[in-house]
Amino acid sequence: MTQAVRVRFAPSPTGPLHIGGLRTALYNYLFAKKHNGDFILRIEDTDQNRFVPGAEDYIVNALKWCNIPFDEGPGTEDKKGPYKQSERKELYKKAVQTLIQKGRAYYAFDSSESLEKHRVYHEEKGKTFIYNWHNRLKLENSLSLSKEEVQKRIDNGDRYVIRFLMVENGGVENFINSTDLIRGTIRVDLNLLDDKILFKSDGMPTYHLANVVDDHAMEISHVIRGEEWLPSLALHHQLYIAFEWKTPQFAHLPLLLKPTGKGKLSKRDGDKLGFPVFPLDWRDPETGKVSPGYKEAGYVPEAVVNFLALLGWNPGTEQEILTLSELIGLFSIEQVHKSGARFDPEKNKWFNQQHLQHIEESVLEEQLIKDAKAFDIVVSPEKAQKVVRLVKERASLLTELWGLSSYFFMDPEGYDAKAVRKQWKEGTPEVLTKFLTFLKSASLSEPSNFQAEFKTWIADESISFGQIMAPLRLCLVGKLSGADLFEIICFLGHKTVTSRIQKALQNI
């Protein structure tokens, strides 16, 4: 690529960042870094009616958590900023005036009531009302009114919008071919498109104008966005032509689909099936309701980035577990799929389980220490390290660590009834009492040494593994699961092991 690669992620601060939006940001980041380019964050806040307090900070924090930082954006050096559209109004006003002077945009004074009447009239005749070359001269705009009347209305403060003149004279063949890096050539008949509003009556630009003006001003080389913007491609292409600007290359990403594979993934799907659709917890500023995020649910960012990257793209190999640096090296926009990608919460959990085995153990240790504090238990870093190594293979989520290891620090609150019925025999108390006698003189410094002593003891006592192992685990853990039993005994020590066995003998 001869042109410097500059891509942007341009969300609207209208709520929390959906996991689909996060994937769009990720693909932009991977593409930029693959080509030694820049990844820009731009906040598209032209729709002030839908602005939600806290949403912008949420977007920034989500990107930081996923370790996909932007090179330019809010809070950075303003190389080509500002990076909020609400702070770039003058730029849009100049741009739209340029289009008016070129004859590619015009003032429209039609009231909402007037347009509604036209829509109803068309519906009654079985047609769809489209504001374009068919009827614009029959409506109230600067193309149908005299210059004097137009100026008079503007001077009087009449409400107006500014529309793009898509096709001046329809009826003749007027197709445009747009190239998409994922979908190939897309052919659109411009005669069928409406004259989109570029400037609203509140003095703010629409997405279409601000998006194109900003992409040009920020020298964006590739526009990588969701497929919901595919219908706007022809309009944006025409805007570049009207301004006489170089058109960037476009790529429209496939949708993230529900776990059933039918329909776009929504927050409702997550609520119904019990999985997050946001990267971080989100508290609604109006209702106070909290929607769960992947971070708080126990996922690590490495796993979230990994499974998101493979939702709609694959490197062409069988390898699934990939680091961010590996993803950057392998990523290719041409290998992104055209069809939607089914969201699989269980597979995502598997990705997280795999990454938990490879991330820095200090992350797991900190989580364990934090969870223990909730029970007023102080766990030293040394003990946390030892326990994490014993249980981490069983953890799919960070939030599962405490449940998998609490018996190292707390006596069992009860005993699994089914396991007791099956494993606690008539002679079990006698066997456990003998074990307590053996334990007094046993060395617990090394699990392997203790295991050797233990095997010698059961052989001398003619006790089978089946007679002792399950009951002993029940006493110490409360159920028939957990880490290696000899590791547990050596970790707990003589006093705690003795205490738990005596407690079980009294209560079972």
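Tutor: α18 is mostly covered, with ten of its 13 residues buried, where buried means under 20% relative accessible area with a 1.4 Å probe and protein chains only. Helices here are DSSP runs of H or I of at least four residues, numbered from the N terminus. This is a predicted model, in which local features need pLDDT of at least 70, side-chain atom pairs count only at pLDDT 80 or more, and totals for chains, interfaces and linings use all residues. Residues are numbered from 1 along each chain as its sequence is written, and side-chain values use heavy atoms, leaving out hydrogens and water.

Student: What covers the buried residues of α18?

Tutor: The buried residues include Ile468, Met469 and Leu472. Contact means heavy atoms within 4.5 Å. The cover includes α15 (417–423), α16 (428–441), α17 (447–461) and α19 (485–507).

Student: At what angle do α16 and α19 pack?

Tutor: Axes are lines fitted to C-alpha atoms over the stretch in contact, and angles run from 0 to 180 degrees between N-to-C directions. Residues of α16 that meet α19 include Leu432 and Phe435. The axes of α16 and α19 are 11 Å apart, and the angle is about 145 degrees.

Student: How far is the sulfur of cysteine 490 from the closest cysteine sulfur?

Tutor: A disulfide is a pair of cysteine sulfur atoms within 2.5 Å, and a search of the whole structure finds zero. Cysteine 490 counts as buried, at 14% relative accessibility. The closest cysteine sulfur is in cysteine 475, too far for a bond, at 17 Å.

Technical notes. Buried means under 20% relative accessible area, exposed over 50%, partly exposed in between (1.4 Å probe, protein chains only). Helices (H or I, at least four residues) and strands (E, at least two) are DSSP runs, numbered from the N terminus.
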